[in-house]
Amino acid sequence: MTITATQTTQLLPELFRNVDEEQRINVLHIGPACSDTIEFFSHYRCRLQVFDLFAELPMPTQEETDLGLQHYFTELLQLPGNVQFDICLFWDIFSYLEEAALAAFVHALRPHLAPHCKGHGFSVHNPRTPPGNHLYGIADAHTLSLRTRPDALPGYRPHNQNRLRDALHCFVMERSVLLADRRLELLLGTKKG
């Protein structure tokens with residue numbers, strides 16, 4: 001899949017502000033990792049854990065799971081008990097999980113977030129914004145690469161900002177930037193306490 005566009009990012013550099021190239025970091029990447037993203041992280045002492053949650057769409061509802069959504073996500077992620085992520089790249093997964101699924105996903109992820117963990121993702125300014133249908137990569141610390149997905153993803157259901165903030169209960173939205181296409185770029189930090 002070839003790069004169809006690039007996009008300057010104001011918030012991605014914030015993920016690496018306190019990371020030097022010799023520091024070992026754990027990164028959770030939600031979605032397929034592009035070659036430029038893998039190349040970018042090869043300059044760090046990094047354990048990159050790639051989990052393509054997009055391949056699991058559409059997500060089941062609470063009623064469709066045997067033991068509930070939180071158990072579903074815990075089993076799906078299968079993260080080792082001692083792993084602690086310093087950085088989470090969520091891309092636009094928030095817009096493809098209904099509120100209960102998003103809250104359960106974050107709850108299952110919570111034990112694996114380092115106290116200083118930073119997250120990056122996208123949301124929409126207006127829930128009526130159509131899906132972007134992009135696969136994201138990191139060209140460099142200030143530039144994202146965008147590739148057009150071959151097929152539209154099922155389950156697009158973006159949230160307004162209040163509902164998204166509630167569902168992301170263990171994160172704080174540290175900054176957001178409104179982009180030209182009415183998407184929001186988000187910088188998240190773990191909630192203290």
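Analyst: Start with a term: a cavity is a set of grid points where a 1.4 Å probe fits but cannot get out. This model is predicted.

User: What is the volume of the largest cavity?
Analyst: The structure holds 1 cavity of 30 Å³ or more. The volume of the largest cavity is about 90 Å³.

User: Which strand gives the most to the lining of the largest cavity?
Analyst: The lining has 13 residues, and among those nearest the centre are Val-124 and Tyr-156. By class, 7 are nonpolar, 4 polar and 2 charged. With 3 residues, the top contributor is β5.

User: How many charged residues are in the lining of the largest pocket?
Analyst: This pocket holds about 190 Å³ of space. Of its 13 lining residues, Glu-14, Leu-15, Asn-18, His-116 and Lys-118 are the closest to the centre. At least two lining residues each come from α1, β4 and β5. The lining has 5 nonpolar residues and 3 polar ones, and the number of charged residues is 5.

User: Why is one side of β1 and of β6 left without a neighbour in the sheet?
Analyst: The sheet is open, with its 3 strands in the order β1-β7-β6. β1 (5-8) and β6 (134-140) stand at the edges, so each has a single partner strand. From one strand to the next, the twist averages 30°.

User: Which residue of β7 stands opposite Gly-137?
Analyst: β6 and β7 (residues 143-148) run antiparallel, joined by 6 bridges. Opposite Gly-137 stands Ser-145.

Conventions: Residues numbered from 1 in each chain as written. Predicted model: local features only at pLDDT ≥ 70, side-chain atom pairs only at ≥ 80, totals over all residues. Heavy atoms only, no water. Pairing = 2+ DSSP bridges. Helix = DSSP H or I, 4+ residues; strand = E, 2+ residues; numbered from the N terminus. Axes fitted to C-alpha atoms, helices over the stretch in contact; angles between N-to-C directions. 1 Å grid on protein atoms, 1.4 Å probe; cavity = no way out; pocket = protein on both sides within 12 Å on 5 of 7 lines; lining within 4 Å. Points joined across faces, edges and corners; volume = space filled by probe spheres on them. Nonpolar A, V, L, I, M, F, W, Y, C, P; charged D, E, K, R; others polar.
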